[in-house]
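I opened this entry to record what I looked up, in the order in which I looked. My notes follow the structure below.

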Amino acid sequence: MLDIKLIRENPELVKTGIENKREKNRIDEILVLDSKRRELIFRTDELKSKRNQTSMEIAKLKKSGADASNIIAEMKRVSDEITLNDSQLKDLEASLNDILMFIPNLPHSSVPVGKSAEDNVEVRRWLPEGFSFENDFKPLDHIELGKKLKILDFERGAKISGSGFPLYTSRGATLERSLINFMLDKHINEHNYSEIFPPFLVNADSMRGTGQLPKMADDMYFLQKDDLYLIPTAEVPVTNIHRDEILDEKSLPVKYVGYSACFRREAGSYGKESKGFLRVHQFNKVEMVKFVKPETSYDELEGLVSDAEDILQALNIPYRILMLCTGDLSFSAAKCYDIETWSPAENKWLEASSCSNFESFQARRANIRYRREDTKKPDFLHTLNGSGLATSRLMVSLLENNQTPEGKIIIPRVLHKYTNFGIIE
RNA sequence: GGAGAGGUGGCUGAGUGGUUGAAAGCGGCGGUCUUGAAAACCGUUGUAGGCGUAAGUUUACCGGGGGUUCGAAUCCCUCCCUCUCCGCCA
């Protein structure tokens, strides 16, 4: 959520930001509602002040045994007006809030203005030693490999649940679990994140806090009977750990890492993009979340990306970093880097991670603050999160890049102590 | 699923209709004392909104929402949550 004061004082700046994000601009409506709201508060507060004063007089009159019926009758009229105003105010604030909750975060000034993914900017790429985009043999894709080696069974996954619910079997299941543990251990032991194992179902307040609701309601699984949503990412439960809290400045930055299964309805996604692991309804992800002081959040964003890169370098997987342009930036993000890993079979880059700075956008919605040591006053902190990483797309690159001409998979050395095998054949 | 108890400020915990934002204690902050620290003593101490350049002023907040009343932490309704016991269960 944006600060209403920012909108009030810099409407043009806000409008430009929203338009660059290619979202609907309803700033003028907000300004009208806001000024109506303030005017109504002003009038009603005066009435309330009068009522409070008069109540004390009534108490005194009654104590001394005097008659207060005239003044009580007058106060009844005042009270009725207050009731009326309060209900108008409530409606007004509800409408204002409804619009405000649909206003996206503004892009940071360093973000390139652009319309779509076409305009994203490649920042750098990393390729393993001896890597080549040319192949000596025709690589199998992850679906063919999974079938041949009996480690992925998309048909049976579809039988059990429906398409987009992958089933991992035997060494595929072990490899998946090993990857998760490897990534968690690295972030915990080398990057100083504290481990979280979050709930996978959350309430609507949590979904609003991180910005999934109200805009993304159709993209989430919802359990009507219990009013709970399946999380699309661990970002939701982990960020909401500190909802409605005031943290000590000394405790910042707070860094969490957690594994979760992620559930996405992917409403309206069809076609080639959706085969195998490329677009699924359930996948596994290790997520990093940071709560930081505003002045450090852009340094922390760079750190976040480099923590995710460490994983890929350790696994020897080719990747590139993109800075998303304004048009491709998500609703809540002010700046975002995507990490894409190389798929030799698809002959393209696959998004395996997104690292974003939300500045105070989520903190405002979720009411997460910290007490400043200089002013002793609470202020909204900045939140960031990044995948470190999602296993599905990572698995595609891992399998395809490590296959032999015979269709065997060489397991990267760093995973051996987790898998207890070095090859899948 | 059944039965019961309870939700008050950073924490513990008073408070059953009229200067109660809320006693007391703890904690925090500032000070006195001390070479320093502790102890003791004194003072201070929430959040959000409105108006105001500011000083300041005003409103709201005792789990959420609604109601009764001139006036609600206190009475009524409703929802949520936590705890205990029983049942079921990985």
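I began with the surface near RNA strand B and asked which element gives the most to it. That element is α3, with 14 residues. I was working on a predicted model throughout.

I then listed the residues around RNA strand B and found 24 of them. R38, D45, S79, K90 and R369 come nearest. I also checked which part of the RNA takes part: sugar and phosphate make up 75% of the atoms of RNA strand B that come within 4 Å of the protein.

Next I went through side chains facing the phosphates. K90, already noted among the nearest residues, has a side-chain N or O atom 2.9 Å from a phosphate oxygen of RNA strand B. For R8 the corresponding distance to a phosphate oxygen is 3.2 Å, and for K377 I read 3.4 Å. I noted that the elements giving two or more residues to the surface near RNA strand B are α3, α4 (69-100) and β12 (368-371).

I turned to helix α2 (residues 11-20) and asked which of its residues are buried. They are P11, V14, K15, G17 and I18. I looked for what covers the buried residues of α2 and found that the cover includes α1 (4-9) and α3 (27-63). After α2 comes R22, with a positive phi near 60 degrees.

Last, I traced the sheet. It is open and has 8 strands, in the order β1-β9-β10-β11-β14-β8-β7-β2, with mixed pairing. At the edges I found β1 (121-126) and β2 (194-196), each of which pairs on one side only. From one strand to the next the twist averages 25 degrees.

Within the sheet I examined β11 (residues 348-357) and β14 (residues 382-390), which pair in the antiparallel sense over 3 bridges. S356 has N385 in β14 as its bridge partner.

Helix α7 (residues 170-189) touches β2, β7 (254-263), β8 (282-292) and β14, and its direction makes about 10 degrees with that of β8. Helix α12 (residues 391-401) touches β8, β10 (335-343), β11 and β14; I read about 30 degrees between its direction and that of β10.

Note on methods
Residues are numbered from 1 along each chain as its sequence is written. Chains are lettered from A and ligands numbered from 1 in the order in which they are written. This is a predicted model: local features need pLDDT of at least 70, side-chain atom pairs count only at pLDDT 80 or more; totals for chains, interfaces and linings use all residues. Side-chain values use heavy atoms; hydrogens and water are left out. Two strands pair if DSSP finds at least two bridges between them. Helices (H or I, at least four residues) and strands (E, at least two) are DSSP runs, numbered from the N terminus. Axes are lines fitted to C-alpha atoms, for helices over the stretch in contact, and angles run from 0 to 180 degrees between N-to-C directions. Contact means heavy atoms within 4.5 Å. Buried means under 20% relative accessible area, exposed over 50%, partly exposed in between (1.4 Å probe, protein chains only). A residue is near a molecule or strand if one of its heavy atoms lies within 4 Å of it. A polar contact is a pair of N or O atoms within 3.5 Å; within protein, one must be able to donate a hydrogen and the other to accept it, and residues adjacent in sequence count only if both atoms are side-chain atoms.
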